[in-house]
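Work through the exercises below with the sequence and the coordinates at hand. Each task is followed by a worked solution.

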Amino acid sequence: MLCRAWCGVEVLLYTYIFTCNPKSGLEAVRELSDNDATFDFIAWLDDGVGAFRSALDNDALCDLIKSVPVIFTRHVHKVDAVSSPHDFLDALLAFCRQNLDKSASFTVQVRSAGKTAGAFSGGIESVADEVAGALVREGFSLDVAGGKSIISVFIDGEKVWWGTGNAALNLSHWKGGASHYSHTSQYDFISRAEYKLVEAIECFGIDMADMKSGADLGAAPGGWTKVLLDHGLAVTSIDPALLRPEIEHNAKVRYFRMQVEEYLRQNDTCQFDVVVNDMRMDVGKSIGIINQFYGRIKNGGIVIVTFKLPHECAYSSIKKWLAAFNGFALIGARQLFHNRSEITVALRKRADLRSEVARDDVRPKKNVHGMSKKLERKMSRRRKIRR
């Protein structure tokens, strides 16, 4: 940690490494800077991997990221020291002996700039094995997938950035926030989009154990419907395009082959615990559809929706969109690892947040300007006839 004068007062500065979509690097830095007055960017260590300092400790930084929310940072971990490849292991082990709880499990996550860590002949996996092996021999408990503490190591040429921390404060338990889900006989994926919903449920801590019913808006070919089915829900799938046969003919699926706007005009009394929306459409229109679904969602129900961001999108626009949901509390918003030019938003229905609306009518409203043009053309024709 460093000390720096801040507004005339000496403050401690903590060092962190963060990860983001490489194409969203500028947005990530700008967002952190806008929300943390002590943010001090150090350097980019690799594509989508940067280092910064802040007067916020790990708990306070994590709270800030989740509560604002900070959207474009998908993973962050504290750096306790920067060492050389030759002495980092001794320094790290000495730190762990003093700061890690032997009664709690740990895991080791090692990354490097570029494809290889040239300073280590065995590659980065050998570094993870060496650290874990040394700690296990000293009586620490290794849990590769679910360690309560994460030892994070980033190798940048002749510098090794390392630190330890609570797994929950890394924002993601995946290395660098890069989640990977396997094709297995138990979980046969239908489309790449499926990964997005699996990651969103995990990232936002959505508990679906007691949920019974869900709606998938723009469901084809059925990837998000299948995720809901795998959580035991009965699903209403809506899309004019075709679902995969194994999804369409699933006994727990009701398939409405139509536009979502048309479905909303149906007299369907089904109430949903969760509504998911991955439709490729204008963000404002997508939000409008979710607002129209308000009355069909159970109190406390969940909404998960992706915002398809325009090519040039101001951060202020995203904040306005998040504020445009009527009757929903924001759970979180993040550009996930499986998002591309989009972000994923999770919300919870809150009756006390619903503002007065005239009605949730999906029919297009009359265009007053268009009507006046029509009337003007009609009057013009009449004037010509009179002449």
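**Exercise 1.** Which side chain meets D80 in a salt bridge, and what is the N to O distance? Classify both residues by burial.

Solution. The model is a predicted one.
- Step 1: The partner of D80 is K78, with 2.6 Å from N to O.
- Step 2: D80 has a relative accessibility of 23% and counts as partly exposed.
- Step 3: K78 has a relative accessible area of 18%; it is buried, because buried means under 20%.

**Exercise 2.** Locate the salt bridge between R97 and E138 in the chain.

Solution. 
- Step 1: The side chains of R97 and E138 meet at 2.8 Å, N to O.
- Step 2: R97 belongs to helix 3 (residues 88–99), and E138 to the loop between helix 4 and strand 8 (141–142). The two parts are 41 residues apart in sequence, so the pair ties them together.
- Step 3: R97 is partly exposed at 45% relative accessibility, and E138 is partly exposed at 28%.
- Step 4: Salt bridges with shared partners also join K196, D278, K308 and E342 into one network.

**Exercise 3.** How many salt bridges does a search of the whole structure find? Describe the one between R53 and D40.

Solution. 
- Step 1: The search finds 13 salt bridges.
- Step 2: In the pair R53 and D40, the closest N and O atoms are 3.7 Å apart.
- Step 3: R53 sits in strand 4 (residues 49–54) and D40 in strand 3 (residues 40–46), and the two are 13 residues apart.
- Step 4: D40 is partly exposed, with 22% relative accessibility.

**Exercise 4.** Which residues of helix 10 are buried, and where do they lie around the helix axis?

Solution. 
- Step 1: In helix 10 (residues 315–323), the buried residues are I318, W321 and L322.
- Step 2: Viewed down the axis, these residues fall within an arc of 100 degrees, so they line one face of helix 10.
- Step 3: K320 and A323 are exposed and are carried by the face turned away from the buried side.

**Exercise 5.** Which residues gather in the patch of positive charge, and which form the nonpolar patch with about 260 Å² of accessible area?

Solution. 
- Step 1: K23, R192, R280 and R340 gather in the positive patch on the surface.
- Step 2: K23 is in the loop between strand 2 (9–19) and helix 1 (25–35). K23 is exposed, with a relative accessible area of 75%.
- Step 3: V136, L142 and V144 form the nonpolar surface patch, and the area of about 260 Å² is for the three together.
- Step 4: V136 is placed in helix 4 (residues 124–137) and is partly exposed at 42%.

Definitions and conventions
Residues are numbered from 1 along each chain as its sequence is written. This is a predicted model: local features need pLDDT of at least 70, side-chain atom pairs count only at pLDDT 80 or more; totals for chains, interfaces and linings use all residues. Side-chain values use heavy atoms; hydrogens and water are left out. Patches are made of residues with over 30% relative accessible area and no salt bridge: like charges are joined within 9 Å, nonpolar side chains (Val, Leu, Ile, Met, Phe, Trp, Tyr) within 5 Å. Accessible areas come from the Shrake-Rupley method with a 1.4 Å probe; for residues, only the protein chains shown count as cover. A salt bridge is a side-chain nitrogen of Lys or Arg within 4 Å of a carboxyl oxygen of Asp or Glu. Lys and Arg count as positive and Asp and Glu as negative; His and the chain ends are not counted. The place of a charge is taken as NZ of Lys, CZ of Arg, CG of Asp or CD of Glu. Helices (H or I, at least four residues) and strands (E, at least two) are DSSP runs, numbered from the N terminus. Buried means under 20% relative accessible area, exposed over 50%, partly exposed in between (1.4 Å probe, protein chains only). The arc is that of the directions from the helix axis to the C-beta atoms.
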